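Dear colleague,

I am passing on the structure below, and I would be glad if you could look through it alongside the notes that follow.

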Amino acid sequence: MEFEHLLHGGDYNPEQWLDCPEVLREDVELMKGAHVNCVTLGVFSWAVLEPSEGEYRLEWLEEIIDTLYENGISTVLATPTGAMPHWLTTRYHETMQVRGDGGRNLPGRRHNFCYTSVKMREKARQMDGKLAQMAAKHPGIRMWHISNEMGGNFSDSACHCEQCQQAFRQWLKEKYGTLQELNRAWWTVFWSHVYTDWNQIHSPVPHGECLLHGLNLDWHRFVTHQMTDFLKWEIASVREYSTLPVTTNFMFFFHPLDYFKMQKELDVISWDSYPAWHKRKDEVPVAVKTAAFHSMMRSMKKAPFMLMESVPSAVNWRGNNPLKRPGMHMLSSMQAVAHGSNTVQYFQWRKGRGAFEKFHGAVLDHKNGADTRTFRDVTGVGERLGRLDALIRRSCNRPSVAMVFDWENWWALGDATGPRQDLDYQKTFLRHYRAFWEAGIDVDIIDMDGEMDGYALVAAPLNYMYKKGYAEKVERYVDGGGMYVTTCWSGIVGESDLCFTGEHPLRKVLGIRQEEIDAPSEEFKNHVVYGGCVYPTGGLCEVVHAETAQVLGCYGEDFYRGMPAVTENRYGKGTACYLAAEFGQTFLNVFYGECLNRVGIENPLRAKLPYGVTVSERKGETDLLFVQNYKEETVEAVCTGEYAEADTGKEWQGKIVLEPFECKVLVRKESNHNGTDGKERVAK
């Protein structure tokens, strides 16, 4: 998708105010004042768009789109399937989800629909088609927002009804062909649970079969497949009349759905970002988590993405909901842009008066109109995006480092009943990602199906499961000159969650032989001697033997004292490193810092950054450096070269001073891609 401008706006729910025309008139004027140029309409509007079956009322929506367009505000039009009207659930009970315990949900909440239901698909197609016919003739509509946070609401995110059971069995037939092959892949001879008829297979549930790891893994895959199929159904419904680009809004590390699979159906990636700022004084852990998911969203298409939702003040659904401190709204908004977003959008424009989200943050509060700190903060972001528009929108991050995060690995690892019951793939991944973030190095995030070519360094922590062909891909990558880093408890099972036998799939590439893995308790914690320093290990210590690998660090305690804990192996033109133990942040920062030096990668400021400061670079006709300070105090970053602030023209040389929670957007003065002075391209 080509972004004509950076988008600033968010969810607008005028259906809640149709009986208050003065409010709707005020909204348009205040949107212009806040430099809003795009809003999302229709997300939860089904009951107003179709108040009874077959009775469509789209006139109010078209009138609002007209008014917005006349005032320079475009529309992202949503399909309203995120929440179902009561007439639908009353007449067609089969459209509602069945829980794992076999009971059907009552009407209400969101995403309470069966994504396999023929009737649900029929009604969604009719509703979406009516919207698409209207959209086809309207120049004010920019793109489609399909449903909303698909799968989110109920904890299971899956439907266990008989329609879904039959669809699951058919999916398995297509995957395995025969029951014999399925039984082999799932190791059903365990506990004598061999299937002799396809109809014996049921989704994993607590009061039934849930200890066959192959079944559990395939059910996760099926849920993603079926939800993606519903997404495709909705896209086809609007595409019958409209050629506008499509998106759907993802959520932060949402465990039930494999976003790498779902993203293939979309023209542009978008997600809803709600970081827990100010939970603690140290904002770095939250900044790292948020940066990682921004990076993942960009990496899926290697293109700019959309920050579809964020909060301009405070959410309403955590245990405590602090307001954003001065500066944080601008910083968190620019963080998204720094990692590749071409939009800053909010939930929501105006707070509703009732129901669950009446106290959720919005641009407009229940009182005071534009005379609020939040409104002024939002206006400041809109003004800044306007100044930087021409420089930013055709640029994107182009990292030389990639990390592997794979949903199927996440699911499989969570099922493993050893060596520890509290292995946390997401937390481990984020510790490794944080080492690059603190060094100011942009990272692409790929799954095991992603391409490694073009990256100088690829890290794959806790890569427990190897998909078919993954080991061969890594071997080609290292042989061709890449540096590959992986860790203990990697390469243990294949894609049906059966353990590898004989040897590790990457034994020759890594140059080691795995023997056993220890999960020591607190009183038996170990340490590793590396580079002349001592580093404590975490809860995993793998016993490995160096074959062709060089030993860089050894254990310091216990019966495996002196055995390899950190190794590197030359293979072909490249290098493969293995971390046999879990490590803390200090070690990972040192280790990856040395890896980056060896492959010749440094942050774009060519500086050692103070704690709490990072930098991201968007490359384009003019390269832009986003220097971000996540400390609530003024800091100074010593740097090499001369820079000018892209939106103010202020120049810096040798050092950059950052105010509390500030993000500076810098242009190098010495040169840019066209060989001209960077200062000429500073936005005024």
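Strand β1, residues 7-11, pairs with β9 in the parallel sense over four bridges, where strands (E, at least two residues) and helices (H or I, at least four) are DSSP runs numbered from the N terminus, and two strands pair if DSSP finds at least two bridges between them. Within this pairing, Gly10 stands opposite Tyr346 in β9.

This is a predicted model, in which local features need pLDDT of at least 70 and side-chain atom pairs count only at pLDDT 80 or more, while totals for chains, interfaces and linings use all residues. Residues are numbered from 1 along each chain as its sequence is written, and side-chain values use heavy atoms, with hydrogens and water left out.

The open sheet has six strands in the order β5-β4-β3-β2-β1-β9, with parallel pairing. Because β5 (246-247) and β9 (343-346) stand at the edges with a single partner strand each, one side of each is left without a neighbour in the sheet.

Ten of the eleven residues of helix α11 (residues 328-338) are buried, so this helix is largely enclosed by the rest of the structure; buried means under 20% relative accessible area, with a 1.4 Å probe and protein chains only. Among the buried residues are Met328, Leu331 and Val337. Just after α11, Gly340 takes a positive phi of about 125 degrees.

The axes of helix α10 (residues 284-301) and helix α14 (residues 425-439) come within 10 Å and cross at roughly 95 degrees, the axes being lines fitted to C-alpha atoms over the stretch in contact (heavy atoms within 4.5 Å), with angles running from 0 to 180 degrees between N-to-C directions. The two helices α10 and α14 are therefore roughly perpendicular to each other, a term that covers 65 to 115 degrees.

With best regards

Terms used: Buried < 20%, exposed > 50% of the residue type's maximum accessible area, 1.4 Å probe, protein only. Parallel < 35°, antiparallel > 145°, perpendicular 65-115°, else oblique.
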